[in-house]
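This report goes through one protein model, from its overall make-up to single side chains. The sequence and the structure come first.

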Amino acid sequence: GRYVETPCGRWGICCKETVDELEVLLDSDSSTASDAQCATSTVALRPEEVRRSSWCALGTCVLSSFGPGVVLRYRVEDDMHEVQLWGPLSQGQNRAFLRREALQEVLPAL
C-alpha cells in the first residue's frame, strides 16, 4: 500500500484501505511518538487523518510524463517518487525522481 504519515508524525505502510478507514503498519524507524495511539505497531486511521502520503504503493507500475516505469522508493523529506523508467525492450533504463504531478496513472502489471 501507500506510504502514509500519521497524525503523530510517524510513517507507515497502508496495509488495508477502505473508504472509511486505513490500517497502517508503522515504520519501526520513525521518530519516537508521545501519542498513545501511535505507540503501537499498527494504527487505524480515518482518511482525513492522513497528513501526507505517497502517490501509490512502492512496486506499482505507473505511466509518468517521461514514460512507463515502476515506483521504487518514496522520499518523505521532499515528496519525491523514485521511478525506474522503462525503455523499449529494456534498453536505456533510467531512474527519475518525480513529483506526484508527473505520475499520470497506474498501469496493470503484465
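## Basis and overall make-up

A residue is called buried when its relative accessible area is under 20%, exposed when that area is over 50%, and partly exposed in between, using a 1.4 Å probe and protein chains only. By this rule, buried residues make up 38% of the 110 residues in the protein. The model is predicted, and local features need pLDDT of at least 70, side-chain atom pairs count only at pLDDT 80 or more, and totals for chains, interfaces and linings use all residues. Residues are numbered from 1 along each chain as its sequence is written, and side-chain values use heavy atoms, with hydrogens and water left out.

The protein has 0 helices and 10 strands; helices (H or I, at least four residues) and strands (E, at least two) are DSSP runs, numbered from the N terminus. The accessible surface comes to about 6,600 Å², and 51% of that surface belongs to carbon and sulfur atoms. Areas come from the Shrake-Rupley method with a 1.4 Å probe, and for residues only the protein chains shown count as cover. Contact means heavy atoms within 4.5 Å. Of the contacts with a separation of 6 or more, 40% are between residues 24 or more positions apart.

Two strands pair if DSSP finds at least two bridges between them. An open sheet of 5 strands has the order 4-3-2-1-5, and its pairing is antiparallel. Strand 4 (42–45) and strand 5 (52–53) stand at the edges with a single partner strand each, so one side of each is left without a neighbour in the sheet.

Within this sheet, strand 1 (residues 3–5) and strand 2 (residues 11–17) run antiparallel and are joined by 3 bridges. Val-4 stands opposite Gly-12 in strand 2.

Strand 6 (residues 61–64) pairs with strand 7 in the antiparallel sense over 4 bridges, and the two form a hairpin with 2 residues between them. Cys-61 stands opposite Val-70 in strand 7. Strand 6 also pairs with strand 10 (residues 103–106), antiparallel and over 3 bridges; here the bridge partner of Ser-64 is Leu-103. Strand 7 is joined to strand 8 (residues 80–85) by 6 bridges, and these strands run antiparallel. Val-71 stands opposite Val-83 in strand 8.

## Aromatic side chains

Rings of Phe, Tyr and Trp (its six-membered ring) pair if their centres lie within 6.5 Å; planes under 30 degrees apart count as stacked, over 60 as edge-to-face and the rest as tilted. The count comes to 3 aromatic pairs. One of them is the stacked pair of Tyr-3 and Trp-11, at 5.2 Å centre to centre with 20 degrees between the planes. Both residues are buried.

Trp-11 and Tyr-74 have ring centres 5.9 Å apart and planes at 55 degrees, so this pair is tilted. Trp-11 lies in strand 2 and Tyr-74 in strand 7 (residues 67–75), so the pair ties together parts that are 63 residues apart in sequence. Trp-11 is buried at 7% relative accessibility, and Tyr-74 is buried at 7% relative accessibility. Ring pairs link Tyr-3, Trp-11 and Tyr-74 into a cluster.

Gln-84 lies in strand 8 and is buried, with a relative accessible area of 13%. Its side chain makes a polar contact with the side chain of Arg-95 at 3.1 Å. A polar contact is a pair of N or O atoms within 3.5 Å; within protein, one must be able to donate a hydrogen and the other to accept it, and residues adjacent in sequence count only if both atoms are side-chain atoms.

Arg-99 lies in the loop between strand 9 and strand 10 and is partly exposed at 44% relative accessibility. Not counting residues up to four places away in sequence, Arg-99 touches Asp-78, Asp-79 and Met-80. The C-alpha atoms of Arg-99 and Ser-64 are separated by 9.9 Å, with the residues 35 apart along the chain.
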